[in-house]
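Let us walk through this structure step by step. We start where the chains meet, then take each chain in turn.

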Amino acid sequence: MAEKEQFISLDAHVAELAGRVHGDGGAGTGMGAPGPLMRLELADQIMRLCQANSLWPMTFGLACCAIEMMAVGMARFDVSRYGAEVFRPSPRQSDLMIVAGTVNKKMAEAVVTLYEQMAYPKWVIAMGNCAISGGPFAVEENYAVVEGVDKLIPVDVYVPGCPPRPEGLIEGILKLQEKIAGSRHPFPQNRHPKRGGLA
Amino acid sequence: MDTAFLPPELLRMLIAALFVVTVVFVNALFMVYAERKIAGHIQRRPGPYEVGWHGILQTLVDGIKLMTKELVIPRDANRMLFRVAPLLAFTPVVMPFLVLPFSENLTIIDMNIGLIFILAMASLNVMAILVAGWSSNNKYGLFGAMRSVAQNIAYEIPILLSLLSVVLITNSFSMRTIVEAQISGLWFCLLQPLAFIIYLIAALAETNRAPFDMPEAESELTAGFHTEYSGMGFGLFFLGEYTNMFIVSSVAVAVFLGGWSGLPLPMDAWTGAFWFLLKVYILMFIMIWVRWTYPRVRFDQLMNLSWKYLIPFALLNLIVTAVIVKL
């Protein structure tokens, strides 16, 4: 009986955590930053292009997806080609939170705290099925796993897979760049010829 | 030019200030790019590649992004000190540019205490790190700052001792005199090889670079003393670090590697700067190479290295030099 109550209080805690972030107007996008006093169209655009081309992720992994995330930084896949290899250990200096793995109800607190500690503008990628929807843990008997990190914090890009291949994560980062700057391979980035009728 | 609007001395100061700021920023932009590119190639990957031709615009883009990021000041931080610390870290590393002898004519001021001036300014850097770690009211920040103070105090002694043994030979602290002594004689890295090696090792530690980057050891201290800094506050620490690298390499070149001397070029008094900068960047390349090759040392190993090996050997070297000079 006591155990049951503990689970219930954990659920309430998760709900409270979810309210913390979703309540402050940042829902849905990473751009819920406190707006500037003045908007200059050109400066804004340059800002976005720069932000898109330098997404520094946080050194933060929760489960097996984190291994694939590490592979993304190494030879063969090398996310540094797009300037995103600067894994900052401090949330204050990072732009991108890659939720790589299963979010437990106990871990939820830490995830939300880390998200709140990041400086605006900030973005979130949910990597892998666990982070998207609870994956294999989304069953009736589940008592410990948050079914989807988007219940806690706003997510910008979902990368499905169990775990996703490193190319998948790179594609996720490219998608995020597209979301920030409005076009695939935003300006200073080299444009690659479209091949084989894809796109 | 007597009736000029600006007195020549003031004009000279303005040009010098502009020159110094340009060198600092261009150097940092170039070095961050070089570091990421070299790190990439050491790990068999291309490094920044897609942003601009071979990723050449990457650091520029990063810089603009850092400026657009929110500046977070933690609630419990000491607001004033927290704001001042990055400036404190950045300003003293710019000052030594005043006395660096780039070439015979390209020296801003030739002070007769040049070397001491540089060392004094380099020690100020520690204070900035301590202020940063202390004011951010963060346990990792404080640990990082404390480590940095212990490390920098330990490694300033071998730096001073190794440079002193050169000063004993030249009888002068003026950077120009030291360089000219090498042009007429041997380079001091050949006369004083032990002092040169000790200086190089201690310089790595003094700039908080790997394998001696204890103040910001990621696996133990999050980001060390700049854990709480976001945006350009962190950017200024970064700028300071790369400028500091430039300064210690320049001192090594001026004191041990013959300063501006090299193969003769036209207009030698000005273009000697080419050889000076070439040597500086070769030394900086070696610093990057070391960083991406060796793992971080433990803190007790770091302290032992300085107090048990570098300082006794530097002292021995100083005594032997003193005796030989006296004879």
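Across the interface of chain A and chain B, 21 residue pairs are in polar contact, both residues at pLDDT 80 or more. A polar contact here is a pair of N or O atoms within 3.5 Å; within protein, one must be able to donate a hydrogen and the other to accept it, and residues adjacent in sequence count only if both atoms are side-chain atoms. On the side of chain A that touches chain B, helix H2 (residues 41-53) gives the most, with four residues. Helices (H or I, at least four residues) and strands (E, at least two) are DSSP runs, numbered from the N terminus. By class, that side of chain A holds twelve nonpolar, twelve polar and six charged residues. Ala, Val, Leu, Ile, Met, Phe, Trp, Tyr, Cys and Pro count as nonpolar, Asp, Glu, Lys and Arg as charged, and the others, Gly among them, as polar.

A word on the model and its conventions. This is a predicted model: local features need pLDDT of at least 70, side-chain atom pairs count only at pLDDT 80 or more, and totals for chains, interfaces and linings use all residues. Residues are numbered from 1 along each chain as its sequence is written, chains are lettered from A and ligands numbered from 1 in the order in which they are written, and side-chain values use heavy atoms, with hydrogens and water left out.

Back to the interface. The contact (heavy atoms within 4.5 Å) takes 30 residues from chain A and 33 residues from chain B. The buried area is about 2,800 Å², with 57% from carbon and sulfur atoms. Buried area is the accessible area (1.4 Å probe) that two parts lose on being put together, summed over both. In chain A, Arg81(A), Arg92(A) and Gln93(A) lose the most area to chain B, together 21% of what that side buries. Five salt bridges cross the interface (a side-chain nitrogen of Lys or Arg within 4 Å of a carboxyl oxygen of Asp or Glu). One of them pairs Arg92(A) with Glu228(B), the closest N and O atoms being 2.6 Å apart.

Now chain A. Which residues does UniProt list under "binding site"? The unreviewed entry places the feature at Cys64(A), Cys65(A), Cys130(A) and Cys162(A). They span 99 residues in sequence, yet no two of their C-alpha atoms are more than 10.3 Å apart, so they gather at one spot. UniProt positions are given in the numbering used here, feature names are shortened, and annotations may be inferred rather than shown by experiment. Cys64(A) sits in the loop between H2 and helix H3 (65-73) of chain A.

Cys162(A) is also joined to Pro163(A) by a cis peptide bond, with omega near -10 degrees. Another cis bond links Tyr120(A) and Pro121(A), with omega about -5 degrees. Most peptide bonds are trans.

Chain B has twelve helices and zero strands. Its C-alpha trace spans about 60 × 60 × 45 Å along the principal axes. From the UniProt record (unreviewed entry), the "transmembrane region" feature includes residues 273-294 and 306-325 of chain B. Residues 306-325 of chain B are 100% helix, with end C-alpha atoms 26 Å apart. Residues 273-294 of chain B are 86% helix, with ends 32 Å apart by C-alpha atoms.

Finally, Asn137(B) has a positive phi of about 55 degrees although it is not a glycine. Asn137(B) lies in the loop between helix H4 (114-135) and helix H5 (139-170) of chain B.
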